[in-house]
Amino acid sequence: MSDQPLSIPGKTDSATLLVGLDIGGTKTAVLIVDQQLQPRAHLIMPTETADPDRLLGGIVRAVSLALEQAAPARRAEPIAGIGVGVPGQVYPATGEVRQAVNLNLVTYPLGPALSAAFNAPCLLENDARAAAMGAYQQAQQSAPVRHLAYLTIGTGIAAGLVLDGRLYRGAHGMAGEIGHILMEPDGARCNCGARGCLEALAAGPAIARLAAQMMPQQRGQPLTAATVYQAAAHGDPAAQRVTQRVSHYLSRAIQWLIMSYDVERVVLGGGVARAGDAFLQPILQALAGLRAQSALAEAMLPDEKVALLPPGYDAGVWGAIWLARQAAHPANQ
Ligand SMILES: [Zn+2]
């Protein structure tokens, strides 16, 4: 299977805009940049997941609205490329999305549909993989690396790998599905059907569930990952026990990524990681515990390898812009 994006013959160099789309189960982010990567429009809209037609209609409306914002003089500028990060399995050669359960899609040719709607080449990627490229691009601006893993912790857990500067997809575009590695044989039931997956123990819903068990004095109040990390940062011992438990699992996922791929950096992102330092510190403590156990871990797991995505940086939509550039200039891949 070729990784070449769908291309529309006859596009000229006059096309200037790049469109990046990060389609999530609840929200879709659209970013439009010019050829110098200067943002021209950025908006976030609810994702319509009732059926594929409404999903496509909502995305087309969001992009059209962003295009109007990008060209205030009402002078429509042609689109050079569209990049899309989408939660599901993606086939770049056909532009199909499969098994995107959060979007209510079994198999859908989203790439050709967007290409036809905007007369521009379109390239799709799984959202965690696209965000890994966004995190990689951001890393190049501060402390450049060639080998990076991006670990996203939100409603689910997944990773994306950039190895030797290139996005690593694996044989089926599934490289990085770390949310479903087994952590506890008798652990909580996961959405995938198995028990004790990392995602079932350390993603946002799992943290809320754990907090409901371990923070009984909070009973009756809505507990989310964000409120648990906030309480832990304010010294609540029960909340700290929850974040320590979660960090125990996440530190092992980080160890697994570093040991398997010898990456120079693991960047942490996603909704749960937005708790910032309150999220990072217990993970660093757990890594220190791993280092104390072995000389190999001591050598391989220094704190410097683990970083939070900078606040305010949207790796998903910037990864989609990177895809849009690949769609516009496939020779540069
Ligand atoms: Zn699972």
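Analyst: A nonpolar core is a set of buried Ala, Val, Leu, Ile, Met, Phe, Trp, Tyr and Cys residues joined through side-chain atoms within 4.5 Å, where buried means under 20% relative accessible area, exposed over 50% and partly exposed in between (1.4 Å probe, protein chains only). The model is predicted: local features need pLDDT of at least 70 and side-chain atom pairs pLDDT 80 or more, while totals for chains, interfaces and linings use all residues. Residues are numbered from 1 along each chain as its sequence is written, and side-chain values use heavy atoms, without hydrogens and water.

The largest nonpolar core comprises 48 residues, and within it Leu151, Leu198 and Leu268 have the most contacts. Helix H7 (residues 237-261; a DSSP run of H or I, at least four residues) supplies ten residues, the most to this core. A separate core of 32 residues includes Leu17, Leu114, Ala120 and Leu124.

Beyond its neighbours within four places in sequence, Leu198 is in contact (heavy atoms within 4.5 Å) with Ile157, Ile178, Gly179, Ile181, Met183, Ala203, Tyr249, Leu250 and Ala253.

The zinc ion has as its protein donors (N, O and S atoms within 2.8 Å) His180 (ND1), Cys190 (SG), Cys192 (SG) and Cys197 (SG), at 2.1 to 2.3 Å. Their spacing along the chain is H-x9-C-x1-C-x4-C. Cys197 is buried, at 3% relative accessible area, whereas Cys192 is partly exposed, at 46%.

Terms used:
Donors = N, O, S within 2.8 Å, 3.2 Å for Na, K, Ca; no water. Helix = DSSP H or I, 4+ residues; strand = E, 2+ residues; numbered from the N terminus.
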